[in-house]
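Please work through the exercises below with the sequence and the model at hand. Each task is followed by a stepwise solution.

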Amino acid sequence: MVKAPSSAPRTRKASTAATAKRVSVKPEKAQPAARTKAASDKAKTGHNAPTAQAPRDMTKAEIRAFLTDLSRAWPDAETELHYTTPFTLLVAVVLSAQATDASVNRVTPALFAAAPTPTAMVELGEEGVGQHIRTIGLWRNKAKNVVELSRQLLERHKGQVPGTREELEALAGVGRKTANVVLNVAFNQPTVPVDTHVFRLANRTGLGRGKTVEAVEAALEKRIPPEMIRESHHWMILQGRYVCKARKPECWRCVATTPCLFPAKTDRPVSKPPRPGA
Ligand code: SF4
């Protein structure tokens, strides 16, 4: 059932994070020109350029069918970041930039026990926050931003997380994607945060093709049925993270192969027979 959007902040208890299977893959050798182009694309978009694109955009009927299939595959989809309040959600999302949700979830229990509110976070200070988050990437900068955004929440919003994009994006370390996640998850607003998984999935399947994050976000906002927008964020992330993977989508176990327009769907890998005597 699709929940009606509401402006009231939502909180929830820490969810059980699905265990992401780490696959170690050797990077393919790239030609110097290709590497330069890829680096330039990544610098522009913040994501790797789509390795494969659907030949056309899905029709509205195909989008509805695709997302309905995903909703059946991920019926209880929620963010995998652990949080208990809009403030701890905001901090967790800021910490998750260029880091996995699992790595953030490993450090936030101790951080949030020490500093569950903006006041406590300011008191803990940059050094104290840094002590808790050293295992995640860019921790020095993130510690600085978390303390500064806490100070800004106290100064500008009486310690509350604001519910508008403009106010969120004015906070230290909060960009468009972070604001979109907070609006979607804490305030039930129909935003479509585009992370690396959504960017890839949208281009590959024809859900919403585009060369930049902004183009994909605009395409998805325009094309996804309004009543599916808010939850589709979670379905698309989980589908991209666990099934429609970057290097090789696992189409043989995908629930949405029929509406998906990716032209090079993958077959189930053939398991090698055991060696004689093994
Ligand atoms: S069929 Fe393959 S390419 Fe299409 S969404 Fe599923 S896993 Fe991704």
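The model is predicted: local features require pLDDT of at least 70 and side-chain atom pairs pLDDT 80 or more, while totals for chains, interfaces and linings use all residues. Residues are numbered from 1 along each chain as its sequence is written.

**Exercise 1.** Determine which residues UniProt places in the feature "binding site", and state whether cysteine 254 is buried or exposed.

*Solution.* 
1. The unreviewed UniProt entry lists Cys244, Cys251, Cys254 and Cys260; such annotations may be inferred rather than shown by experiment.
2. These residues span 17 residues in sequence, yet no two of their C-alpha atoms are more than 10.9 Å apart, so they gather at one spot.
3. Cysteine 254 has 20 other C-beta atoms within 10 Å and is therefore buried (20 or more; exposed means 12 or fewer, partly exposed in between, with C-beta atoms placed from the backbone).
4. Cysteine 251, with 17 C-beta neighbours inside 10 Å, counts as partly exposed.
5. Beyond four places in sequence, cysteine 254 is in contact with Val243 and Cys244 (C-beta atoms within 7 Å), and cysteine 251 touches Thr257, Lys265 and Thr266.

**Exercise 2.** Characterise how helix H9 and helix H10 cross.

*Solution.* 
1. Helices are DSSP runs (H or I, at least four residues) numbered from the N terminus; H9 covers residues 196–205 and H10 residues 213–223.
2. Their axes, lines fitted to C-alpha atoms over the stretch in contact with angles from 0 to 180 degrees between N-to-C directions, come within 10 Å and cross at roughly 65°.
3. That makes H9 roughly perpendicular to H10 (65 to 115 degrees).
4. Phe199, Ala202 and Asn203 of H9 meet Val213, Val216 and Leu220 of H10.

Terms used:
Contact = placed C-beta atoms within 7 Å. Helix = DSSP H or I, 4+ residues; strand = E, 2+ residues; numbered from the N terminus. Parallel < 35°, antiparallel > 145°, perpendicular 65-115°, else oblique.
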